[in-house]
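Dear colleague,

Please find below the structure that I am handing over to you. My findings follow directly after it.

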Amino acid sequence: MASRTAWITAAIIIIIIIGAVAYYYSGKKGGATTTASPTTTAPPATTSPQTTQPTTTAPPTTSPKTTTTQAAPPKPVLTGNVEKDIVAIGKYLAYHGIHEAKFSVASAGDPNSVMRVYAIVEAAYRLNKILEKNGVDFRIKITTNFRRGGGDKLAQDFETAFQANKNPDIMANSYKWIARFAEEGYILDITPYVEKYQSFINEFYPSLLKAVEWKGKYYGIPQDTEARPLYWRTDVAACIKEKTGTDILANLYDKVKTGQVTWHEVYKYAELAVKTGCSKWGVLHRKGSAHPDLIQFIFAFGGQLEDPKTGKLVVDVPAVYKWLYVEWKMAREGLIPKDMMSWDWAKQIHPAVVCGKTLIWIGGTWHWTEWQTKPYCKGRPLTAEEVKKYFYYTLFPAGDHGDKPVTLSQPFVWMIASNAGKDNKEYNKYKDVYHMIAFLLVVKASDPDLIAIHSIISAHLPVTKKAAELINDKTWVQKLANLQIELSPEVKNAIADIVKKTVNEINVEFLANASKMLEYTKLTPMHPLYPRLANIFRDAVNYVLLGEMTPDKAVQYIISKVKADPELSKAVEIKGEIPKNWQFP
Amino acid sequence: MNKSRLGTILFFLSPALALVLVFYIIPLILAIYIGFTPLRDWNLKAYLGKFTTQSYQYLFYLLTHDPDVSKVVKTTIVFTTVTLVVNVLGGLALALATFFMEERVSLTYRSLWLLPRLTPVAVYSLLWYYFFLGDASGTLNSLLLRLGVIDHPVSWGTDPSLQPEGSWLILIVVNGFVGVSFGMIIFYSALKSIPREHIIAARIDGATTLQLIRRVMLPQIRWHLVYVTIWQLLSLLTTFAHIFLLTEWGVVDRWWGTTWALYVFNEAFTTGEQGVAAAAATILVAIGAVLGIISLRLLGFKKMMPEPRGEL
């Protein structure tokens with residue numbers, strides 16, 4: 001009896017569960033179809049594409065079978081002319097009954113870097129305008145996803161989303177992901193397109209184009225970059241001048257540029273600052289990682305990180321040793337804190353720099369505006385005038401006399417997913433064409449004005465010469481400040497507040513000056529195992545700063561760590577030996 | 001047992017069994033399987049079909065060649081053992097203390113000890129981060145400086161002369177404060193379920209508090225002791241959230257502050273070597289299983305679960 005009741009109860013429960021599951025899924029499907037239209041769309045199309053009557057030049061909107069009078073447009077090929085190409089593509093797809101293409105763009109960064117997605121929205125708007133002007137019944141729609149914070153999480157999510165075809169079609173992220181994504185086939189090899197768009201590609205700084213190349217092929221287009229200046233406190237320098245008569249800052253930019261002031265001199269200046277009591281520390285630098293700021297030491301001492309011939313990573317022993325020696329010596333003399341690698345950004349590092357507790361700060365261009373927005377000293381942010389007053393900046397000086405000064409960039413680049421356009425009609429049939437649209441979107445997003453706007457409002461450096469010229473154009477900058485430039489209403493709206501806060505003469509002047517540093521810029525290798533090597537460098541720097549290892553022990557540590565990792569040992573060459581007669585300072 | 005009875009049992013167990021299958025058995029099988037593939041960068045299409053033992057070879061090579069990886073192993077052993085003792089004995093001590101308190105005081109006191117568990121991991125870790133910060137603004141440093149115990153700020157988790165004990169101590173303190181509350185709750189409720197007559201009788205017979213605890217109370221909560229010990233052991237082996245934040249923020253030494261579970265996480269999500277991570281995780285599961293079984297044996301689990309004497 002009990003058993004029968006149990007069976008009946010169980011049967012009822014199962015039916016309810018099945019019913020609930022079925023209801024949930026039917027609801028989900030319905031939901032998906034109603035929300036399918038993108039939230040962020042670019043084109044203010046005059047009329048709905050479906051109802052537009054094609055003009056005489058436009059292909060028919062009905063099925064190709066009914067077109068008896070017009071020949072089918074040929075399959076488009078890129079020619080290097082954006083207008084011609086988008087029109088050809090639009091006509092081709094419209095002829096085959098496709099009147100809209102959807103693309104998604106994703107990126108990440110500080111809140112001022114929204115142009116990393118809105119440039120694509122604006123690009124779609126501009127391409128749609130061309131299509132409209134030419135009477136082509138085809139439009140591009142964009143959905144955006146911008147995250148605050150670093151791009152690493154976004155890149156990792158991109159990888160996992162790719163497995164389920166849910167990844168963004170276009171992504172602006174650090175160039176460091178290119179090797180990994182290219183190796184796994186996640187991003188599009190755009191070499192054939194780039195070959196057609198030679199004049200477009202020639203506008204970019206050549207040093208930055210290295211950031212989008214992997215094994216001789218192009219996998220992206222530079223989006224923005226930065227430089228890492230050495231900031232010098234003018235008040236500390238003035239104090240040193242008053243007490244000792246040494247004028248550190250006199251013509252310093254040029255002295256660093258010509259290699260007259262090297263790390264040997266920097267050491268002496270730092271020592272002066274601390275000994276005279278003008279500042280507590282001589283030099284401060286980032287915490288927690290050797291990449292990318294401290295890697296500059298390797299380049300400054302004439303070393304390399306990658307062998308261009310073999311493509312292998314390199315531990316350049318003499319350069320690495322000298323770098324570690326500088327850090328070790330400075331920490332022993334109290335010029336740099338022993339526990340620098342575990343300082344707190346907000347409570348220790350920035351307050352010390354902004355309140356003038358150090359002569360030198362190995363920083364980045366973005367700090368210039370960061371100090372204007374965050375209250376690191378005395379409970380309030382600095383004004384633009386104060387930042388200009390307190391901070392002098394130079395390149396990262398040469399290591400020894402005879403070496404060259406450097407800076408280091410980590411460009412953000414546009415990457416196109418190898419399945420870009422996947423959410424569109426008949427994707428498999430017109431895959432190539434959708435890929436071309438994605439490429440044209442990136443080309444258009446690289447219009448000089450869009451790059452210049454992004455640079456100014458986010459304090460990043462422009463990636464093309466034309467954009468740099470625009471930043472130097474005072475009338476244009478003034479127009480931008482008043483938002484009197486040609487932009488889609490959506491993008492204008494999105495950046496209006498940021499423009500108000502950031503576009504001022506001091507910041508623009510800083511950007512223009514910092515852009516000149518790009519001539520000296522170096523990139524870290526794109527090798528997929530580079531992050532592992534950089535982690536070993538990080539531990540070595542920490543050990544020498546703490547005094548746990550001497551510089552030569554630390555070099556041995558690096559070598560033993562490389563050898564202990566079977567993969568790394570195959571991918572890394574150890575070059576050179578610890579220099580014997582080298583003196584520092 | 002007849003067939004229809006077995007069917008009924010299975011039927012009623014099926015929802016639970018399905019959950020166990022979906023959330024425990026399948027992930028375990030997947031982890032073991034992925035450990036034998038070269039999966040990296042989440043490229044399922046490219047690597048999931050390939051069989052290899054390279055991940056295990058790689059891990060073995062690291063274990064024998066990389067001194068930092070042996071630091072991870074040592075840290076895992078010390079952290080798990082010491083924190084386990086702290087959590088079980090601390091939980092027991094707290095439960096006993098609150099048991100003998102007046103109910104109102106006891107309730108407040110117990111609630112206070114629950115705070116670390118209630119606080120979000122990031123916030124809780126941040127509090128400890130600032131507590132152990134190696135700068136004069138760190139809470140511990142500023143306190144000791146003011147008391148004149150130290151004359152300059154100490155980097156507790158990173159100063160080489162204090163390692164590895166400094167890092168270990170921080171990990172144990174941070175996790176210990178979260179862990180004790182678990183034991184406290186279980187033990188307290190177990191103590192509360194001891195019939196009052198036993199305690200009253202013991203008191204009347206002149207038992208001291210210590211005797212009462214040793215002879216009357218502890219024997220009656222043995223089962224709970226076994227449960228909490230094994231539970232804590234397994235969760236300490238696999239915990240990494242607080243530890244991840246503390247190493248990431250640099251308040252403890254990167255290697256002396258990394259446990260095996262965190263190493264698995266870093267391999268999977270930082271270096272992108274999911275095959276290696278899965279192999280490392282499989283090793284951890286195997287160790288956890290062996291330790292679990294050993295503890296059940298040692299603590300006499302079977303003896304405490306005798307067959308019921310009466311008819312069912």
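This is a predicted model: local features need pLDDT of at least 70, side-chain atom pairs count only at pLDDT 80 or more; totals for chains, interfaces and linings use all residues.

To continue with chain B, its secondary structure consists of 15 helices and zero strands. Along the principal axes, the C-alpha atoms of chain B occupy a box of roughly 75 × 70 × 30 Å. The chain has 312 residues, of which 34% are buried.

As to confidence, the average pLDDT of chain B is 90, and 96% of its residues reach at least 70. For the complex, the predictor reports an ipTM of 0.74 and a pTM of 0.78.

I then turned to the contact between the chains. Chain A contributes 26 residues to this contact, and chain B contributes 26 residues. On the side of chain A that touches chain B, the elements giving two or more residues are helix 1 (2-34), helix 4 (152-163), helix 5 (178-184), helix 14 (345-354), helix 23 (530-546) and helix 24 (551-564) of chain A. Helix 4 of chain A supplies the largest share of that side, with four residues. Sorted by class, the side of chain A that touches chain B comprises 12 charged, eight polar and six nonpolar residues.

With kind regards

Notes
Residues are numbered from 1 along each chain as its sequence is written. Chains are lettered from A and ligands numbered from 1 in the order in which they are written. Two residues are in contact if their C-beta atoms, placed from the backbone, lie within 7 Å. Ala, Val, Leu, Ile, Met, Phe, Trp, Tyr, Cys and Pro count as nonpolar, Asp, Glu, Lys and Arg as charged, and the others, Gly among them, as polar. pLDDT is the predictor's confidence in each residue, from 0 to 100. A residue is buried if 20 or more other C-beta atoms lie within 10 Å of its own, exposed if 12 or fewer, and partly exposed in between; C-beta atoms are placed from the backbone.
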